[in-house]
Amino acid sequence: MNIDKLIALVCAGAMTVGMTACGGEKADPVKTYVPSYENVKPLGRTMFTDDMLWLAFSGSGAEFTFNGTRAEIVIAGDDNAEKPDNADNQARIAVYVNGERVVDDMIDHAEETYTVFESDTPSDCDIRIVKLSETAMSTCAVKSITTEGGDIKPAEKKEHFIEFVGDSITCGYGVDDEDKSHHFSTKTEDVTKTYAYKTAEALNADYSMVSISGYGIISGYSDGKKKVANQQLPKYYDKLGFSYGTFNGKKAASESWDFTGYTPDVIVVNLGTNDESYTKNMEDRVKDYTDSYVEFLKNIRSHNPDAQIICTLGIMGNGLYPYVEQAVQNYTEETGDAKVCAMPFDVQSPDDGYAADWHPTEATHSKAADKLTAHIKETMGW
């Protein structure tokens with residue numbers, strides 16, 4: 001750092017504005033921002049709390065632009081961040097500058113500070129912060145943003161908005177570990193490599209992920225003997241998220257999600273992979289799945305009166321897909337709502353490999369994104 005900038009930083013302190021350096025040249029103004037709607041665009045479901053932007057679900061984050069010479073971001077961890085022997089459950093975070101990933105890190109301290117951009121000359125920057133890992137194991141927050149240069153501004157909203165509701169597939173479980181014998185770790189989750197994120201990018205759409213590994217419509221992943229009723233995704237559709245940890249004493253599942261101003265054009269529901277481990281093609285269990293799916297569609301519609309809803313399944317097995325179609329048919333006949341449809345994903349191919357615990361690789365996700373993108377374009381006329 002040159003001497004003029006060093007003097008500016010020392011004199012300005014935590015919240016400085018422009019000043020004249022001793023040599024007579026005006027130094028870049030140094031400003032520290034608390035995240036707010038006035039200076040960042042939230043990505044996905046987030047909450048402004050305790051002068052921070054809380055990130056829970058996969059893909060949640062913030063995006064802003066500025067013209068300047070330096071940008072620094074402070075990320076706060078939750079109560080899981082510094083727990084011993086918790087390395088496989090900490091939040092994984094990425095920061096992009098003008099589309100290039102410059103930070104990829106695990107939040108293993110109460111606070112982490114990242115200098116994400118530094119240059120001798122002012123440059124236009126688009127900076128995007130993305131939580132790569134899922135909500136259940138850990139959350140984090142954007143605590144502050146410090147820049148040298150012009151004011152930061154929220155990134156522009158994209159043309160479309162898509163919400164994705166799902167399980168581990170949507171979270172990107174194991175996508176960075178292409179060894180099917182390996183098991184869960186937030187270190188190997190990366191939502192940006194999933195069909196959901198890729199579809200949003202292909203359609204120039206903002207997004208929201210509502211997904212938790214192991215969860216289903218009526219049951220979480222099961223040995224088939226007993227329903228895992230405490231892992232039903234619909235219970236958390238109205239929430240900021242779900243996590244075993246807390247952030248500043250708060251639980252994500254205790255925070256109701258405010259749907260005001262939240263208007264997705266399309267909602268994609270991809271749930272049933274974990275339910276199938278319980279239903280086992282048993283008539284009463286399959287009926288429970290179908291009936292509960294209909295009720296979940298009603299809840300989604302109550303919050304999103306105009307969205308096109310697309311129900312899909314199949315990447316890790318398509319045994320319940322006929323009942324997804326049945327649920328859509330039953331819902332439409334009961335409600336008269338025609339803006340709901342079903343689309344099957346192709347089952348993952350051995351040729352594309354398998355990630356941890358037999359989850360889809362990025363190659364499989366890319367193929368699924370291509371199919372979903374084409375379906376949305378056809379359905380929506382985009």
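Analyst: Buried means under 20% relative accessible area, exposed over 50%, and partly exposed in between (1.4 Å probe, protein chains only). This is a predicted model: local features need pLDDT of at least 70, side-chain atom pairs count only at pLDDT 80 or more, and totals for chains, interfaces and linings use all residues. Residues are numbered from 1 along each chain as its sequence is written, and side-chain values use heavy atoms, with hydrogens and water left out.

User: Over how many bridges does β6 pair with strand β11?

Analyst: Strands pair if DSSP finds at least two bridges between them. With β5, β6 pairs in the antiparallel sense over four bridges. With β11 (residues 140–149), β6 is again antiparallel, and the bridges number three.

User: Which residue in the β5–β6 turn has a positive phi?

Analyst: β5 and β6 form a hairpin, with two residues between them. One turn residue has a phi of about 55 degrees: Asp50.

User: How many salt bridges does the whole structure hold?

Analyst: A salt bridge is a side-chain nitrogen of Lys or Arg within 4 Å of a carboxyl oxygen of Asp or Glu. Some residues are linked in a network of these contacts: Lys41, Glu63, Arg128, Lys158, Glu201 and Asp206. A search of the whole structure gives a total of 24.

User: Are Asp104 and Arg101 buried or partly exposed?

Analyst: The side chains of Asp104 and Arg101 meet in a salt bridge, 2.9 Å from N to O. Asp104 has a relative accessible area of 38%. For Arg101 the figure is 26%. Both values lie between the buried and exposed limits, so Asp104 and Arg101 are partly exposed.

User: How many residues apart in sequence are the parts tied together by Asp288 and Lys227?

Analyst: Asp288 forms a salt bridge with Lys227, with 2.8 Å between the closest N and O atoms. Asp288 lies in helix α5 (residues 283–303) and Lys227 in the loop between β14 and β15 (266–270), so the parts tied together are separated in sequence by 61 residues.

User: What are the relative accessible areas of Asp288 and Lys227?

Analyst: Asp288 is partly exposed, at 25%. Lys227 is also partly exposed, at 29%. In that order, the values are 25% and 29%.

User: Where do Arg301 and Asp337 lie?

Analyst: Their side chains meet in a salt bridge, 2.6 Å from N to O. The pair ties together parts that are 36 residues apart in sequence, because Arg301 lies in helix α5 and Asp337 in the loop between α6 (321–335) and β17 (340–344).

User: Are Arg301 and Asp337 buried or exposed?

Analyst: Arg301 has a relative accessible area of 12%. Asp337 stands at 14%. Both figures are under 20%, so Arg301 and Asp337 count as buried.
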